[in-house]
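This briefing is for a reader who is meeting the structure for the first time. It begins with the chain as a whole and then turns to individual helices, loops and residues.

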Amino acid sequence: MDRLDAMSLFVAAVEAGSLSAAARRAGVPLATVSRKLSGLEKHLKTRLLNRSTRRLTLTDAGQSYLAACRRVLDEVSDAERTAAGEYSSPTGELVITAPVVFGRLHVLPVITDFLAVYPQVDIRLTLSDRITQLVEEHIDLAVRIGDLPDSAMVAIRLGSIRRIVCASPAYLAKHGTPAKPPELAGHDCITFEGLAAAAIWSFETGKTETIVPVRSRLQVNTAEAAIDAAIAGLGLTKVLSYQADIAVRAGALRVVLEPFEPPSWPVSLVHAGQGRLPVKLRAFLDFAAPRLKERLARSL
């Protein structure tokens with residue numbers, strides 16, 4: 001039995017929640033995963049997993065063995081990276097994730113420049129508004145927007161973004177410009193379900209949060225759709241500042257209610273920071289952080 005392979009499949013099964021999901025992740029038949037885990041349990045003379053038709057649960061022995069497996073696999077991975085030169089020169093693959101619009105507008109241009117400078121590094125970029133788990137999903141680096149929870153992760157602050165309300169000049173000329181949040185009651189709004197509850201928008205009056213119900217003429221699930229609808233004159237929309245930056249600079253949208261905007265959100269680069277950083281990750285952090293800070297400083 002290949003012990004390391006079986007340990008990898010055991011960890012994958014726990015993280016994925018099922019043997020079939022682990023098989024898909026590893027690209028092997030389900031029967032292979034089942035056979036190797038059974039062989040591992042036979043070798044250890046103990047049960048590691050309680051299997052049911054719906055989910056897997058760890059036994060007490062499985063819980064402690066899982067932690068040991070992760071340590072061993074991390075050490076093997078570290079040794080392989082050292083042998084491959086990842087700690088002596090920038091080489092290998094980096095896995096990076098970022099929010100969809102921010103990633104397309106800001107992260108991708110920086111990555112393009114980085115790859116031109118470091119030909120021995122490859123990057124796999126995933127654009128998603130879902131909060132990913134870096135260690136469990138084997139992600140080297142993430143761009144996070146918003147306050148970060150306390151964790152062992154290392155965060156590099158890049159800047160901040162605002163939550164803005166905007167509309168087309170044509171809409172404002174026809175319907176008037178709201179001077180205070182309660183005046184939104186008389187306006188048509190385009191709501192973006194990814195930012196806040198569809199029926200209410202929050203503002204800041206002094207140090208007090210003000211919740212304002214809005215009339216949603218159109219509800220969409222992407223910021224791009226909300227911005228396009230606002231440019232077309234359908235109504236006011238609330239999005240993140242970088243999402244509307246191009247349209248605002250072009251004059252297609254105007255920002256309103258600026259004195260009442262809620263506190264800005266931080267933008268950070270986040271990585272696990274465990275042990276020595278591979279040179280490829282250190283090189284990317286050194287290259288990308290100042291450039292992303294500059295891009296954020298130039299935006300709304």
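Of the 300 residues of the protein, 42% count as buried, in what is a predicted model. The chain forms nine helices and 14 strands, and its C-alpha trace spans about 75 × 50 × 35 Å along the principal axes.

**Overall form and surface**

- The radius of gyration of the protein is 24 Å, whereas a compact globule of 300 residues would have a value near 19 Å.

- Helix α2, which runs over residues 19-26, has L19, A21, A22 and A23 as its buried residues.
- The cover over these buried residues of α2 includes the helices α1 (3-16) and α3 (30-44), together with the strands β1 (49-51) and β2 (56-58).
- Just after α2 comes G27, a residue whose phi is positive at about 70°.
- Helix α8, residues 241-249, is largely enclosed by the rest of the structure, because seven of its nine residues are buried.
- The buried residues in α8 are S241, Y242, Q243, A244, D245, A247 and V248.
- Just after α8, G251 likewise has a positive phi, in this case of about 85°.

- A polar atom of the T97 side chain lies 3.1 Å from the backbone oxygen of T126.
- S168 is found in the loop between β7 (163-167) and α6 (169-175), and its relative accessibility of 2% makes it a buried residue.
- The side chain of S168 reaches the backbone nitrogen of Y171 at 3.1 Å.
- Not counting residues up to four places away in sequence, S168 touches A230, I231, G233, A252 and L253.

- H138 is not a glycine, yet its phi is positive at about 55°.
- H138 is found in the loop between β4 (121-127) and β5 (141-145), where it is exposed, with a relative accessible area of 54%.
- L257 is also not a glycine and has a positive phi, here of about 60°.
- L257 lies in the loop between β13 (254-256) and β14 (265-271), and this residue is buried, with a relative accessible area of 5%.

- S8 is found in helix α1 and counts as partly exposed, at 30% relative accessibility.
- S8 and L73 are 65 residues apart along the chain, while their C-alpha atoms are separated by 7.4 Å.
- Q120 is found in the loop between α5 (100-117) and β4, and this residue is exposed, with a relative accessible area of 54%.
- Q120 and K280 are 160 residues apart in sequence, and the distance between them in space is 9.1 Å from C-alpha to C-alpha.
- With residues up to four places away in sequence not counted, Q120 touches P90, T91 and G92.

Key: Residues numbered from 1 in each chain as written. Predicted model: local features only at pLDDT ≥ 70, side-chain atom pairs only at ≥ 80, totals over all residues. Heavy atoms only, no water. Helix = DSSP H or I, 4+ residues; strand = E, 2+ residues; numbered from the N terminus. Rg over C-alpha atoms; globule rule 2.2 N^0.38 Å. Buried < 20%, exposed > 50% of the residue type's maximum accessible area, 1.4 Å probe, protein only. Contact = heavy atoms within 4.5 Å. Polar contact = N/O pair within 3.5 Å; in protein donor to acceptor, adjacent residues only side chain to side chain.
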